[in-house]
Structures are given as structure tokens and as C-alpha cells.
Amino acid sequence: MQTNKPHPDNVTGDFYVECNACIACEAPWNEAPDLMARPYTSERDHGCYFRRNPTTHDEMERACMAVSVSCVKAVRYRGNNPAILYYLYHQGSITSCDVAFRRQSIYELSAFEAYSQHVGPYDQDYWSHICTNETDHVVVSIGNDRDVLAVYRIDKSTQLAVLVENSAKYWPDIGRTFHP
């Protein structure tokens, strides 16, 4: 349930600036000037706002940085993309998110780290699931809304992730070890 009212000039999307909360410091705007309008450009509110939401990985990172540098937490994220929530959590900006963040286990984080090393940065909605939890290892699957993308065996003592199964595109990497 959202309790923060967005600035009236924000475009519809996951990133927004809270109405009457921005103090016009320009720090968020400096991080994402192509996504945000400069303070004092709206007749309805003196603060900055999102003119458009990010569509590329680079824009997503800059929008997240705008959230992180907002000194009064006026720049917010209302989406539920686990990768963005994870990023904002590690930036210390999880309180600027409207969605409750389910802290993933250390093993799920190891699997996400291995997946990003494996296929590069991800900017879709991904999920993780602990499939088995044995004495010495955990098996974690990562997927999206269509299917399971990869399965990793995480060693509990070293947290090394070994790819054990994934989509056909990456079959040559089966057995590859990814370091945390």
C-alpha cells in the first residue's frame, strides 16, 4: 500500500518524486538529468520530478543513484524488481522503496552474484528460490516470469556457486565455478 503521494508532474512508472518533499537540492537531478526535470520547472510544486522512467540498464542505474542521493528521501521507487531492490538495499536506500524488501539468504545472493557474472547485469524481474538445503550445500534456482534460467549449487563453507543447470544458451558453462 503506497502512502507517499507523487509529484503531480511525474510520469507513470516505478520511479517518482514525492509531492512537496523535494527541497530542490538538485543532487538527484544531477544523477539523471535525462530522466528528471530540474527543480522549479513545474508550476504546481518547486521540486524535481521524473519526466520519463528508465528503459535501459544505464538509465536504471542512474535512476537508482538519484534515489540514493536524495537527501530528504523524496526520490522513491515503488516497483518490485528484485535486482533494483537489491541494488537500493546495498546503497543504503531501501527506506526509499514503497515495496517491502524480502531479504534474500546469503545463498540466494551468491546465486544472483554468480548469475550477473555469468550473463552480465540483469534489468528484468528475476526471482530466486532455495530448492534444497543440505548439510554442506544449497541449491538455488533463478528465473523470470517465463522459466527457470539457471540453477546453482552453493557450497555453504566457501559460498562458491557452481552452475549446475541453465537455459540452452549457456550450456557450455555447466560446471563453471563463480567466486563471490
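**Entry 1: ground rules**

I call a residue buried under 20% relative accessible area, exposed over 50%, and partly exposed in between, using a 1.4 Å probe and protein chains only. I am working on a predicted model, where local features need pLDDT of at least 70 and side-chain atom pairs count only at pLDDT 80 or more, while totals for chains, interfaces and linings use all residues. Residues are numbered from 1 along each chain as its sequence is written, and side-chain values use heavy atoms, with hydrogens and water left out.

**Entry 2: the overall chain**

I take helices (H or I, at least four residues) and strands (E, at least two) as DSSP runs, numbered from the N terminus. The protein chain has 4 helices and 9 strands, and I read their order from the N terminus as β-α-β-β-α-β-α-α-β-β-β-β-β. Of its 180 residues, 44% are buried. For surface I use the Shrake-Rupley method with a 1.4 Å probe; for residues, only the protein chains shown count as cover. The accessible surface of the chain is about 9,200 Å², and carbon and sulfur atoms hold 51% of that. A contact, for me, means heavy atoms within 4.5 Å.

Is Asn10 buried or exposed? Asn10 is buried, at a relative accessible area of 11%. Next I looked for its polar contacts (pairs of N or O atoms within 3.5 Å; within protein, one must be able to donate a hydrogen and the other to accept it, and residues adjacent in sequence count only if both atoms are side-chain atoms). A polar atom of the Asn10 side chain is 3.2 Å from the backbone oxygen of His7, and one is 2.9 Å from the backbone nitrogen of Phe50. Beyond its neighbours within four places in sequence, Asn10 is in contact with Tyr16, Val17, Tyr49 and Phe50.

Pro8 sits in the segment before strand 1 too, but Pro8 is partly exposed, at 39% relative accessible area. Its C-alpha atom is 7.0 Å from that of Cys19, which is 11 residues away along the chain.

**Entry 3: the cores**

My working term here is the nonpolar core: a set of buried Ala, Val, Leu, Ile, Met, Phe, Trp, Tyr and Cys residues joined through side-chain atoms within 4.5 Å. The largest one has 21 residues, and Phe15, Val17, Met36 and Phe50 touch the most other members. Strand 1 (15–17), helix 2 (57–69), strand 4 (75–77) and helix 3 (82–90) each give at least two residues to this core. Which element supplies the largest share? That is helix 2, with 5 residues.

I then listed the partners of Met36, setting aside neighbours within four places in sequence: Val17, Pro28, Trp29, Cys48, Tyr49, Phe50, Arg51, Ala66 and Val75. Apart from this core lies another, of 12 residues, including Ala114, Val138, Val140 and Ala161.

In helix 3 the buried residues are Ala83, Ile84, Leu85 and Leu88. They pack against strand 1, helix 2 and strand 4. After helix 3 comes Gly92, with a positive phi near 80°.

Ser70 is in the loop between helix 2 and strand 4, and at 5% relative accessibility Ser70 is buried. Its side chain reaches the backbone nitrogen of Val75 at 3.4 Å. Not counting residues up to four places away in sequence, Ser70 touches Pro28 and Val75.

**Entry 4: cysteines**

How many disulfides are there, taking a disulfide as a pair of cysteine sulfur atoms within 2.5 Å? The count is 0. Cys22 is in none, with the nearest cysteine sulfur, that of Cys48, 3.7 Å away. Cys22 is buried at 8%. Cys64 is in none either, the nearest cysteine sulfur being that of Cys97 at 8.1 Å, and Cys64 is buried at 2%.

**Entry 5: strand 6**

Why is strand 6 (residues 137–143) largely enclosed by the rest of the structure? Because 7 of its 7 residues are buried. In a regular strand the side chains alternate between the two faces of the sheet. Here I find His137, Val139, Ser141 and Gly143 buried on one side, and Val138, Val140 and Ile142 buried on the other. Two strands pair if DSSP finds at least two bridges between them; strand 6 and strand 7 (residues 148–155) run antiparallel over 7 bridges. In that pairing, Val138 stands opposite Ile154 of strand 7.

Note on methods. A disulfide is a pair of cysteine sulfur atoms within 2.5 Å.
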